[in-house]
Amino acid sequence: MEKNPPEKSNSFASRYDDDNNNNNNNNNPDPVIPSSCSPAPEFSIFVTKSEPHDTSTETTTITTDENNKETAEPETTTEKFSISDLDSTLPKISEDIDSFLFHLKSKQTPEEIPNCIDKFAKLVEVLIAKNYSDGNPNKWRQDSSEDSTLLKNVDRISKLTTAISQLPSDAKYSPSLDLIGSVLQRAMSYLEEEFRSILENGRTIESEPDSAKGRQQSFNSSVDCCILTEPDSAKAINFPGFSPDTVSNLNRIATAMIAAGYETECCQIYSNLRRNSFEDTLKTTGFEKISIDDVQKMQWEALEGEITNWIKVFKRCVTIYFAGERKLCDEVFQEKPSLCGLLFGNLTRGVVNQLFNFAEAVAMTKRSAEKLFKFLDMYEALRDMMPELDNLFSGGSSEDLKNEISSALGRLSEAAIAIFCDLENSIKSDYSKTPVPSGAVHPLTRYTMNYLKYACEYKDTLEQIFHEQKKVDQSDAAELDKESSTPTNQTAKPSPFAVQLTTVLDLLLSNLEAKSKLYKDLSLSYIFLMNNGRYIIQKTKGSKEIHELVGYSWCRKRSTDLRNYHKNYQRETWYKVLGCLKDEGLQVNGKVSKPALKERFKSFNSMFDEIRKTQSAWIVSDEQLQSELRVSISSVMIPAYRSFLGRFSQYLDSGRQTEKYIKYGPDDIESAIEELFEGNPNSMGRKKS
């Protein structure tokens, strides 16, 4: 090779014309291959072949030295380059390489490899060595001209390797092919290291959100409310935390490696590092692998906590981690879209399997009423994330994912339906023979209504799973056709979930009717039925979802039942007292009989004292019902008693006799009635002094 970088000369084509004239005049021997190359548009060392092949049309261009003497052989390249040669020499030789590649692309076959190929390979080696020696951790920058120069020339090396390896097998091509192959391998080794380094250390943006809390829920049958805590809104974050410049650098390196035939190595590095990073990220969420056996053995309190964390992790995976990984993958390998789905699928498959396996394992645990709500939480999480998962996954992995989701949803919905329907059995099996003291709301009533109110917070979800179950059960296609042909003006049938809910409520009412018969005092049994009936109506009206499901007619019928209980109580308790205030039996021969009148007052006092003593210990917890009862009692008792006193008190001697038989005044009666149903056995009305 020449000692100094070759100066830009006239094209090989123009020199060929001059030399050709000399050859014709001097009858020179066969031409030889040039020892160097220039950035000429036509490359002088190619044999141009026409189609079909005709040896008579072959022309060879030659070069001569300064003395116009033919050069017999190309020079052996012995020149060495330094970093200082990169700016002065590399751009010129790069142009020659581009021209050489252009002619190779045009199917022109060179007789030999020009010396500029070896020069170029050695200059690229210097360029790689320079980058190796650069200790700047931020050397890969978006607009770095050095980075662009390296990648462009690595691309030229890659194209040279491919192009020369496709030439006819000839020993004269081997040295150059070996040299550029060696340089390419070193370049790929360098890019692999840089690719790995950026993936490991290139995150510059905060990628972890604040701890997001899922919907925390609790069900307590002893209170009349359901506690729902809405999740905190998560911060907008950038996962996995690579800046746009860093992602661009990863893309440029990946593109160069894939173009050079190092796709497998590039993908392997990317997959291994991102998988490790992804697993480390999941560890920060508390997500751990739990086997199916471990899930089956866990106490519910512990499993409930794991489910809460699973929901949080699952939602975060889909909306943040999976979405971020897919975006990164798409951007890094944007020139190879077919790779993105494969790499992303391989990266996330293990985590997806773990998440779905846990969901199915939970659904297979022993069923109990308190598990319903967590099962529904998991069902909703899976259902709501399906569209986003469908967008993230593609191809065969998408179908596999849909099958996994469908399987998990099916198991959870089956378990939820079984648990809810088992509420029927719980009510039927409540055979307690001890009446609730004071006629209060029965624990079964309180538990069932709070459970239903809480369950109906999931009304849409329960409607969905009951409807889907009904479709599965209706295997008879004729039945489906029959339903689809139902006239549109026919009253819409209640949904399967509404039917099940109404069934549970009716069973509860029947159970309460049976329990009311445990009371020996018939009046107290009606108080018990009123207390429980009012509680059920209030809970039904207080829940928009329950009220919509059972309908207006059902609620109206329950209100009618409640009024009937009230009337029966009045008749059983106070009509007997009112019998003491009637005129019948007080007159003998047209005159009021004092002994009969005294006995009548004594009977009234005795009966009223007993009612006041007994029913002041009874409980009516609903203030409105309590007020309605007192008002209705006062409305019949006080006018009747006042009228009775007005008609007959004059027949008793004033003084001690009056105080002895007229124990209560109208105001005393009213005060005593106001103390009924307080649950206070020591409550006594104040006598009028």
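This is a predicted model: local features need pLDDT of at least 70, side-chain atom pairs count only at pLDDT 80 or more; totals for chains, interfaces and linings use all residues.

**The α5/α6 pair**

- Helix α5 spans residues 174–201 and helix α6 spans residues 244–259; their axes come within 10 Å and cross at roughly 150°.
- Angles over 145 degrees count as roughly antiparallel, so that's the label for α5 relative to α6.
- As for handedness, α5 and α6 cross in a left-handed way.
- On the α5 side, the contact is made by Met188, Leu191, Glu192, Glu194, Phe195, Ile198 and Leu199. They meet Thr246, Asn249, Leu250, Ile253, Ala254, Ala256 and Met257 of α6.
- Sort the residues of this contact by type and you get 10 nonpolar, 2 polar and 2 charged.

**Ser634**

- You'll find Ser634 in helix α21, which covers residues 623–648.
- Its relative accessible area is 13%, so Ser634 counts as buried, the cut-off being under 20%.
- Skip the neighbours within four places in sequence, and Ser634 is in contact with Pro639 and Ile673.
- Ser634 and Glu670 sit 36 residues apart in sequence, with 6.4 Å from C-alpha to C-alpha.

**Nonpolar cores**

- The largest nonpolar core counts 124 residues, and Trp310, Phe314, Phe322 and Tyr569 have the most contacts inside it.
- Not counting residues up to four places away in sequence, Phe314 touches Leu355, Phe356, Ala381, Leu382, Met385 and Leu389.
- Another core, of 57 residues, lies apart from the largest one and includes Ile93, Ile113, Cys116 and Val247.

How values were computed. Residues are numbered from 1 along each chain as its sequence is written. Side-chain values use heavy atoms; hydrogens and water are left out. Axes are lines fitted to C-alpha atoms, for helices over the stretch in contact, and angles run from 0 to 180 degrees between N-to-C directions. Helices (H or I, at least four residues) and strands (E, at least two) are DSSP runs, numbered from the N terminus. Angles under 35 degrees count as roughly parallel, over 145 as roughly antiparallel, 65 to 115 as roughly perpendicular and the rest as oblique. A crossing is left-handed if the near helix is turned anticlockwise from the far one by less than a right angle, and right-handed if clockwise. Contact means heavy atoms within 4.5 Å. Ala, Val, Leu, Ile, Met, Phe, Trp, Tyr, Cys and Pro count as nonpolar, Asp, Glu, Lys and Arg as charged, and the others, Gly among them, as polar. Buried means under 20% relative accessible area, exposed over 50%, partly exposed in between (1.4 Å probe, protein chains only). A nonpolar core is a set of buried Ala, Val, Leu, Ile, Met, Phe, Trp, Tyr and Cys residues joined through side-chain atoms within 4.5 Å.
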